[in-house]
Amino acid sequence: MRIFLDTADPIEIRRAADAGLIDGVTTNPSLLAQVAKEREPSDIFKEICQTVEGPVSAEVVALDAEGMIEQGEKLYEIADNIVIKVPLTEEGLVACRALTNAGIPVNVTLCFSPTQAHLAAKAGATFISPFIGRIDDISGDGMDLIAQIRQIYDNYDIETEILAASIRHPQHMVQSLMIGADCATIPPKVLYQLLRHPLTDKGLEGFMNDWKSLGRDL
Ligand code: G3P
């Protein structure tokens with residue numbers, strides 16, 4: 001499963017990319033607002049696209065299809081690995097179809113139901129982003145949505161990739177892997193939670209102490 005980093009912070013992206021941990025990046029207007037106070041959003045996207053080879057999702061902020069298409073075409077000029085993110089609205093799906101027809105990959109975001117995911121695929125989405133954590137937030141079952149979409153896409157040989165999003169903790173990741181999501185986007189905090197284990201730290205400490213007590217060089 002491909003892992004995307006869910007942030008617009010170039011420092012976090014560089015750190016994860018240097019360790020070879022990520023296959024791409026996803027951003028949204030809220031994430032961009034955190035880092036674009038003193039920089040042009042297009043410059044940030046340019047830097048991110050130079051840091052990672054894989055897909056970098058950049059979201060439109062227009063609400064009408066025409067505006068989304070215009071913004072999408074402009075964003076796509078930044079780099080070949082830009083993916084245009086559009087919301088799962090009727091206008092968003094019209095824009096998805098137009099951008100897809102123009103050869104521009106599209107990530108349809110803010111997906112909260114299996115029927116939305118089906119329609120996004122019909123509109124030609126390259127990626128569908130179901131928001132697991134936000135469904136859990138309102139006492140739903142975000143993982144169940146991923147499983148439903150997986151079954152629907154498999155039933156009909158739909159090629160749209162399931163990009164599990166709004167991942168809040170390692171169990172969301174484990175279940176996405178088990179269900180067979182194609183990719184997952186995770187915030188930096190969760191990425192490092194996946195990496196760390198107290199027994200690794202404890203084991204390493206024991207090895208270092210024993211080695212030190214030997215008093216030799218390797
Ligand atoms: O990729 C979508 C993600 O940024 C939303 O996550 O935690 O704000 O629901 P969250």
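How many residues does helix 5 have, and how far does it reach from its first C-alpha to its last? Hi everyone, let's start there. Helix 5, residues 90-101, has 12 residues and reaches 17 Å, close to the 16 Å expected at 1.5 Å a residue (the expected span is 1.5 Å times one less than the number of residues). Helices here are DSSP runs of H or I with at least four residues, strands are E runs of at least two, and both are numbered from the N terminus.

A quick word on the model: it is predicted, with local features needing pLDDT of at least 70 and side-chain atom pairs counting only at pLDDT 80 or more, while totals for chains, interfaces and linings use all residues. Residues are numbered from 1 along each chain as its sequence is written, and side-chain values use heavy atoms, leaving out hydrogens and water.

Back to our helix. Gly-92, Leu-93, Ala-95, Cys-96 and Leu-99 are the buried residues of helix 5. They sit on the same side of helix 5 because they cover an arc of only 160° around the axis, taken from the directions from the helix axis to the C-beta atoms. On the other side, Glu-90 and Asn-101 are exposed. Buried means under 20% relative accessible area and exposed over 50%, partly exposed being in between, with a 1.4 Å probe and protein chains only.

After helix 5 comes Gly-103, with a positive phi near 85°.

Now, the ligand. An oxygen atom of the ligand is 2.6 Å from a side-chain N or O atom of Asp-6. For Asn-28, the corresponding distance to a ligand oxygen atom is 3.1 Å. Thanks, everyone!

Conventions:
A polar contact is a pair of N or O atoms within 3.5 Å; within protein, one must be able to donate a hydrogen and the other to accept it, and residues adjacent in sequence count only if both atoms are side-chain atoms.
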